[in-house]
Structure formats: C-alpha cells, structure tokens
Amino acid sequence: MSSLDAAGAPDAFQTRRVVGFLFMVVGMFMAILDIQIVSSSITKIQAGLSASSDEISWVQTSYLIAEVVMIPMSGWLSRLMSTRYLYVASATGFTIMSFFCATATSIDQMIVYRALQGFLGGAMIPTVFASAYGNVFPPERRSSISVMIGLVATLAPTIGPTLGGYLTDAFSWHWLFLINIVPGAVVIVAVWLLVDLDEPNWSLFDDFDGWGALLMAVFLGSLEYVLEEGPRNDWFNDDTIWWLGVVCFMSGSFFFARVLTDENPIVDLRAYMNRNFALGSVLSIFLGVALYGLTYLYPLFLAQVRHLSALQIGEIMAVTGICQFVSAPIAGILTQKVDIRYLIGYGFGMLALSNYLTLGITWEWDYGEFLLPQAIRGLGLMFCIVPINALALGTLPQSQLKNASGLYNLMRNLGGAIGLAIINTVLVHRLDFHKSRLREAVEAGRPVIDQTVTGLGQMIGGTLGSSGDLAAIKELYGLMTREATVMAFADCFFVLAICFAAMLLTLPMVDRPQVPGGSGGGH
C-alpha cells in the first residue's frame with residue numbers, strides 16, 4: 001500500500017499503524033541503549049567473568065562488529081521478508097540473546113552471545129527509519145514524528161551510562177541484559193499484531209549475492225575492528241591491526257567492484273547519486289562523532305580526573321538531555337519553515353562552540369563549569385539530527401528508502417567508531433607529549449622544583465613521621481600526570497571543535513529539499 005493510500009485510510013487503520021510504529025521505536029531505543037548501558041559497567045562484568053583487560057574489550061567490540069555488518073543488509077532483508085517479519089525476527093533475536101548474555105559464565109560465552117545480539121538486533125534501527133519515511137506517515141506529518149524519534153535515539157546514549165551504573169550498583173551486572181526481556185517481549189507481540197506495511201518478496205532470494213554479502217562482512221568487520229582496537233594497540237605498529245588493515249583494503253576493493261557491476265547487489269549504492277543523500281551521509285558521520293564521541297569523552301574525564309560515580313556523571317550529562325527536550329519541538333517546526341541548510345549550520349556551529357568553550361578545562365571542572373558547554377551541545381544536537389535526516393532521506397523515492405536507510409545508519413555508526421578512534425588516539429599521543437614537556441619542566445635542580453619537593457616532603461614527613469622525600473616525588477609525579485591528562489582532554493575538544501566547524505563548508509553544496517522530512521537518531 002502506498003503512502004497516499006495510508007494517508008487516506010480509515011482512522012482506526014491508520015491509528016493501528018501508528019501505534020505499531022511507536023512500539024518499533026521502543027525496540028530501537030533498546031538497541032541503541034544497549035551499547036552505552038554496558039560500557040558504564042564493563043569493569044563489573046570483567047570481575048564477574050574473571051576476564052582480562054584485553055578480553056573484556058571484546059564484549060563491546062564483538063557487538064559493534066556484528067551490528068555494523070547487519071545494518072546495510074537490512075534494506076535487502078526488509079524487501080525479502082517484509083518490515084513486520086524482519087523486525088519481529090530482529091527483536092526476537094535481540095531479546096533472546098539478551099537473556100543468554102545475562103546467563104554467561106565465561107568471557108567466551110559472553111563474546112559469542114554479544115556478537116549474536118548485535119547481529120540479530122542490528123536491523124531494528126534502520127527499519128524504523130525506513131518505515132517513518134515510507135508508508136506509515138504522509139510527508140506533512142513526518143517532521144513531528146521525527147522529533148520523537150530523534151529524542152529517543154539521542155537520549156538513549158545520554159542516559160545509558162547512568163542507568164547502567166544504577167542497575168549494577170543496585171542489583172548486579174546481569175540486569176544490564178535482563179532489563180531487555182520484558183520490553184522486548186511486548187515489542188515483539190505488538191509489532192506482530194499491529195504492523196502491516198508491506199508484503200514479503202521471497203523471489204529476491206533467488207538472486208542473493210552471497211559473495212557480495214561475504215565481502216561486505218569481511219570489509220566492515222575488519223574496518224570496525226581496526227577502528228576499535230587501533231588506538232590502544234598503537235595502530236599499524238601492531239601486527240594484527242596491520243594485517244586486518246590489509247584485509248579491510250582488499251575486501252573493500254572487491255566489494256565495491258562487485259556491487260557496482262552486479263545486477264542484483266546485496267547493497268545498492270545508487271542512492272549516493274542523489275547529492276543530498278551523499279552529503280547527508282557525510283554529515284551523518286560527524287553527527288555520529290558528536291553523539292558517541294562526546295558521550296564517551298565527558299564521562300571519561302569526569303571518571304578519570306574527577307573520580308565521580310556513574311550517578312554523579314549522569315547528573316552532569318542530564319543537562320544535554322534537558323536541552324534536547326527544549327529544542328526538539330523548535331527544530332521540528334523550523335525544519336518545515338526554514339532552509340534546512342541554516343539549521344544544520346546552526347547545529348554544527350553550536351557543537352563547535354560547545355567544544356571551544358571547554359578549551360580552558362582544568363582538573364577542578366565540575367557541574368557548574370560544564371553547564372554552559374553541555375547546554376549548548378544539547379541545543380545544537382537536535383538542529384543537526386532533524387534537518388540532516390530530512391536532507392538525506394526526505395527526497396528519495398520510496399523504492400530506495402529501505403536500502404538507503406541501512407546505508408545512512410551505517411554511516412552514523414561508522415562515524416561513532418571513527419570519533420572514538422580519533423579521541424583515544426589523541427588522548428594517548430597528547431598525554432605522552434604533555435607528560436614529556438612537563439617532565440622537562442620539573443627536573444631536579446630548578447629552585448622552584450626543589451622548594452616544592454622539600455615543602456611536600458615536610459608536609460608528608462610531618463604526617464607520617466619520616467622524611468617523606470620519596471612520597472613527595474610520587475605526589476609531584478601524580479600532579480604532573482593529572483595536568484598532562486587534562487591538557488590531553490583539552491586537545492581532544494579542540495580537534496572536535498575543528499571537525500564540527502569544518503562541516504559548515506559543506507552547506508553551500510546542499511540542495512534544499514522540497515519535500516518535508518524528518519529525523520532519527522544515532523547509535
């Protein structure tokens with residue numbers, strides 16, 4: 001049934017579709033939340049499974065690699081199975097694997113279950129996007145529903161660390177996964193009963209491009225691994241990273257050659273011939289950096305430098321969520337009335353300004369100092385999310401929406417991975433740089449340094465009943481490391497400010513969409 005048919009359908013039928021769609025959004029929220037809710041309690045999972053620091057990182061990496069492989073395949077699977085069958089299958093797999101993750105007794109089991117959870121649940125997010133722009137809502141109503149989707153998808157990463165910390169402290173890490181069971185079951189039943197948007201086309205399986213799917217899986221999987229593990233393994237100085245970089249390049253070359261020449265490719269790249277979709281995808285990459293990079297960077301500083309608890313960090317991060325709520329309806333209304341290029345420019349300008357305001361960060365920064373940067377970031381995010389998705393998906397023909405939605409969500413996920421890789425790389429290298437510079441400044445023999453060490457030694461010695469010289473040197477080294485860490489964080493904020501400001505240069509190339517559209521969020 002076309003979108004025009006849906007718009008003219010009886011009220012009861014249309015209401016049924018809308019309610020079913022809202023349950024799909026709930027499932028999308030669960031899938032997005034699952035990454036951040038686990039990341040905040042990864043050390044508790046490590047202790048519970050007796051895993052090493054190298055092994056526990058795979059709890060996140062396996063999920064992300066598997067999910068990023070499934071997302072671009074969701075378009076083809078949705079046309080093959082229909083929206084209802086694919087979504088129900090995806091939500092069922094996600095829910096079942098959530099239960100198995102909670103029952104894992106070894107790190108090997110957890111890695112396998114997490115990979116299956118990411119792969120099976122990876123189709124939920126792009127399916128929601130395609131449905132919102134397809135035959136659930138007529139064009140004139142998409143802007144209003146897009147605000148709700150955008151809030152759901154951006155708030156999930158924001159509240160994830162706080163919710164994860166609370167569940168782990170109040171109960172145990174198992175509840176990070178058990179919390180998905182009841183909502184997942186409700187979503188599965190509701191979508192099965194209420195969603196009826198299209199029919200399966202099982203004949204597509206006759207032309208299934210198995211080699212294309214395999215090449216895509218190897219390409220995206222190796223790319224995600226390199227981005228995730230590269231910063232902590234010194235990139236291509238590590239043999240595994242180097243060889244997987246080669247595998248990524250080779251498989252990617254063969255994959256693109258195949259999809260550009262095959263009559264029925266597993267992923268159709270023709271949507272990139274639409275300039276706005278191509279530019280929207282580029283902007284979505286940097287939107288992923290903003291969503292996941294900053295959601296990672298702020299809590300990391302507050303935990304490492306300020307030593308705050310997950311609940312205290314959540315209270316500070318809540319400022320961004322509140323400002324998103326305030327700006328969301330304004331962004332939705334203006335998307336239909338104002339040239340979206342101005343709105344996107346405003347959004348990325350606010351993100352750049354937010355990072356610029358943190359360049360003077362010190363180790364003492366707390367709620368009050370982060371209030372304005374956090375508020376500006378929240379006000380800017382919704383003016384990126386709503387217009388960018390309208391730009392990318394708002395003018396595509398319906399026949400391309402399912403495939404384009406998968407590609408578009410893939411770009412945002414890769415943007416998040418790229419952002420984390422950049423942040424971790426800058427932190428590691430700039431921390432070493434600042435420590436070496438500070439070490440030169442605190443060499444023994446300088447009067448001010450000798451006086452400082454003597455003063456610290458007397459204070460500590462007076463307390464402990466010893467000279468305290470060694471303790472004073474350790475204390476001085478700790479202060480030096482702390483200041484170097486803060487300066488490395490400032491460098492990260494500077495790099496991100498430049499990245500967001502650079503996005504303003506793409507706006508003159510954008511054609512203003514003539515069809516009202518909406519937004520989604522990020523994972």
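In this predicted model, R482 and E483 form a salt bridge whose closest N and O atoms are 3.0 Å apart. R482 is partly exposed, with 25% relative accessibility, and E483 is partly exposed as well, at 31%.

| Salt bridge | N to O distance |
|---|---|
| D34 and R114 | 2.5 Å |
| R341 and D339 | 2.6 Å |

For the bridge between D34 and R114, D34 belongs to helix α2 (residues 11-39) and R114 to helix α7 (residues 107-121), so the pair ties together parts 80 residues apart in sequence. D34 is buried at 1% relative accessible area, and R114 is buried at 0%. In the bridge of R341 with D339, R341 is partly exposed at 26% relative accessibility, whereas D339 is buried at 9%.

Helix α16 spans residues 340-356 and contains N355. N355 is buried, with a relative accessible area of 0%. Beyond neighbours within four places in sequence, N355 contacts L294, F493, L496, A497 and F500.

The axis of α16 comes within 7 Å of that of helix α17 (residues 367-393), and the two cross at roughly 150°. Angles over 145 degrees count as roughly antiparallel, so α16 is roughly antiparallel to α17. Their crossing is left-handed. Residues in the contact include I340, L343 and F348 of α16 and P373, R377 and L391 of α17. By class, this contact has 17 nonpolar, three polar and one charged residues.

Conventions:
Residues are numbered from 1 along each chain as its sequence is written. This is a predicted model: local features need pLDDT of at least 70, side-chain atom pairs count only at pLDDT 80 or more; totals for chains, interfaces and linings use all residues. Side-chain values use heavy atoms; hydrogens and water are left out. Helices (H or I, at least four residues) and strands (E, at least two) are DSSP runs, numbered from the N terminus. Buried means under 20% relative accessible area, exposed over 50%, partly exposed in between (1.4 Å probe, protein chains only). Contact means heavy atoms within 4.5 Å. Axes are lines fitted to C-alpha atoms, for helices over the stretch in contact, and angles run from 0 to 180 degrees between N-to-C directions. Angles under 35 degrees count as roughly parallel, over 145 as roughly antiparallel, 65 to 115 as roughly perpendicular and the rest as oblique. A crossing is left-handed if the near helix is turned anticlockwise from the far one by less than a right angle, and right-handed if clockwise. Ala, Val, Leu, Ile, Met, Phe, Trp, Tyr, Cys and Pro count as nonpolar, Asp, Glu, Lys and Arg as charged, and the others, Gly among them, as polar. A salt bridge is a side-chain nitrogen of Lys or Arg within 4 Å of a carboxyl oxygen of Asp or Glu.
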